[in-house]
Amino acid sequence: MVRTLDITLAPEAETPLYRQIAERVIALIKAGELRPGLRLPPTRRLADELSTNRNTVVRAFEELTAGGWVTSLVGRGTFVADAPPATRQTPPADLSRSDLPWAMLLSRATESEPLARLERLSRSPAHGDVINLTKMQPSADLLPDVELRRCVDHVFKTHGADALGYGPRQGLPRLRELIAEDLQRNGVPALPDDILVTTGSQQGIDLIARALVNPDDAFLVEARTYSGALNVLAASGARVVGVPSDEDGPDLVALEALERPRAKGLYVMPNSRNPTGTTMSRARREALVAWSQRNGVPLVEDDYGADLALDGTPAPTALRALDPNVFHVGTFSKKLIPALRVGFVVCPPALTRTLVNLKHAMDLGTSMLLQLALAEFLERGYLRRHLSRSLPVYRARRDALEAGLHRWLPPGFGWRQPTRGVVLWLPLPDGLDPEEVFEEAKREGVLVSPSTLYSTSAPAQAGVRMVYCAEPPERLEEGARRLGRAIEQVARRRRAAATSKLVSPMTVDLM
Ligand SMILES: Cc1ncc(COP(=O)(O)O)c(C=O)c1O
């Protein structure tokens, strides 16, 4: 950590004090006096040293963060960014030109903790030959572009320019019928009238939050859950409450013990939970539905991985099949093509109109052209054909990743084999910080998702998530090798830090 910063403030100058601090720090970074990774002094101490208000320093650090010069790690401090934008032509002038008080104008939602995590972990992009195991989408070679093109051509031939306008508010009726048929085949009772087509299932979760949440209402999620759900719930102003979970889903005892006022909903992924990949048993599903009915808390069932059963086993009964008041959210992004941006919500009948109106208010409708093309795609049976081609490939990729992990991870690691979906969850032993593993793995050339992205206040084991559908087997094995090396590095550093603490209590805080 840098002990002090060479800054002299000029209170009488026209430039506000926070900007003077920010500009000086930028100058020190550009001069090479503050190197990447160096920790800046805590805001309170710097404020004391400069005889100024702490808020002034906080605001300066916010400006520096927004400009990409530093990175803030919650609970650890502020660090000079790995890749500061040093090549920018006129950063001090840029700063002084942005003279609106953005820090004061921005809504509280933009400062929410899940969004801050996302920002922190997507900073300083990886370079070179990186194996990306974070993207939950198939590699280009598996996407059915030829079939989709045929369907788009057909839509133009048969509908002409009629395909290019706004569509019905609830979604194309033919598409809703086809979705309902597909759901019924999978044991989810659904009427076309209860289905709302959305722009990705992300919008489905967002609309449900908008329909139910007033600022500061509690909304329940599992202790580890999909980061995108955390983001939209936080953005809606909800107080997101993590419920302790086991391998089988939310802990019923913990749910029963929750204090009033009651929550506005509980978001779950019964099949192939993201990030842990596990599936809820039928018994837990029944217990959850009974809890929801007793307590008047609606369930949101996100079945994002529907149809991705690697061993062909059907999923246990859907929550929606147990209770028509469950919001059932689905998507074509994971089983077919993310770029369609087509998802859907099977709404509780009493709420269909509300969600349709909200959806219309948000975006005036999901692309009519793509809905028509998707309906054609489904009618031609291309989805089933695509799945029968891609599922064996995913299975082989999962096996390749597992083989690599068995080979390259240090002894003592274990994980559950995923049988549905496209993610493998690797629990980390106590003492291995998932973000440190993420950073080290990035340096080694493999991207994995640290558990902090998915975490709530409820305690849960640390780990990293790996997506195996997007890379060929040899790259997955190589990714496992790089991750193994990263984990060994982090563990070695931990051991060295523990030893040096034993030797001398006066350790220097380097990071
Ligand atoms: C669990 C889960 N739900 C929903 C989504 C949103 O996907 P889309 O908006 O593409 O349908 C994702 C995306 O990764 C996800 O992982």
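**Figure 1. Contacts across the whole chain.** Among contacts in the protein with a separation of 6 or more, 75% join residues 24 or more positions apart; two residues are in contact if their C-beta atoms, placed from the backbone, lie within 7 Å. This is a predicted model, where local features need pLDDT of at least 70, side-chain atom pairs count only at pLDDT 80 or more, and totals for chains, interfaces and linings use all residues. Residues are numbered from 1 along each chain as its sequence is written. You will find 18 helices and 16 strands here; helices (H or I, at least four residues) and strands (E, at least two) are DSSP runs, numbered from the N terminus.

**Figure 2. The largest nonpolar core.** A nonpolar core is a set of buried Ala, Val, Leu, Ile, Met, Phe, Trp, Tyr and Cys residues joined through C-beta atoms within 7 Å. A residue is buried if 20 or more other C-beta atoms lie within 10 Å of its own, exposed if 12 or fewer, and partly exposed in between. The largest core holds 69 residues, and Leu233, Val300, Val345 and Leu374 touch the most other members. Helix 15 (residues 368-379) supplies the largest share of this core, seven residues. Leaving aside residues up to four places away in sequence, Leu374 touches Leu175, Phe332, Leu340 and Val342. Another core, of 34 residues, lies apart from it and includes Leu133, Leu426, Leu447 and Val467.

**Figure 3. Helix 9 against helix 10.** Helix 9 (residues 200-212) packs on helix 10 (residues 227-235) at an angle of about 35°, with axes 9 Å apart; axes are lines fitted to C-alpha atoms over the stretch in contact, and angles run from 0 to 180 degrees between N-to-C directions. From helix 9, Gln202, Ile205, Asp206 and Ala209 meet Gly228, Ala229, Val232 and Leu233 of helix 10. By class, this contact has five nonpolar, two polar and one charged residues; Ala, Val, Leu, Ile, Met, Phe, Trp, Tyr, Cys and Pro count as nonpolar, Asp, Glu, Lys and Arg as charged, and the others, Gly among them, as polar.

**Figure 4. Two loop residues with positive phi.** Ser51, in the loop between helix 2 (43-49) and helix 3 (54-66), has phi near 50°. Ser51 counts as exposed because it has 8 C-beta neighbours inside 10 Å. Asp307, in the loop between strand 10 (299-302) and helix 13 (319-322), has a positive phi of about 75°. With 22 C-beta neighbours inside 10 Å, Asp307 counts as buried.

**Figure 5. A cis peptide bond.** The bond from Asn274 to Pro275 is cis, with omega near 20°. Pro275 sits in the loop between strand 9 (266-268) and helix 12 (282-295).
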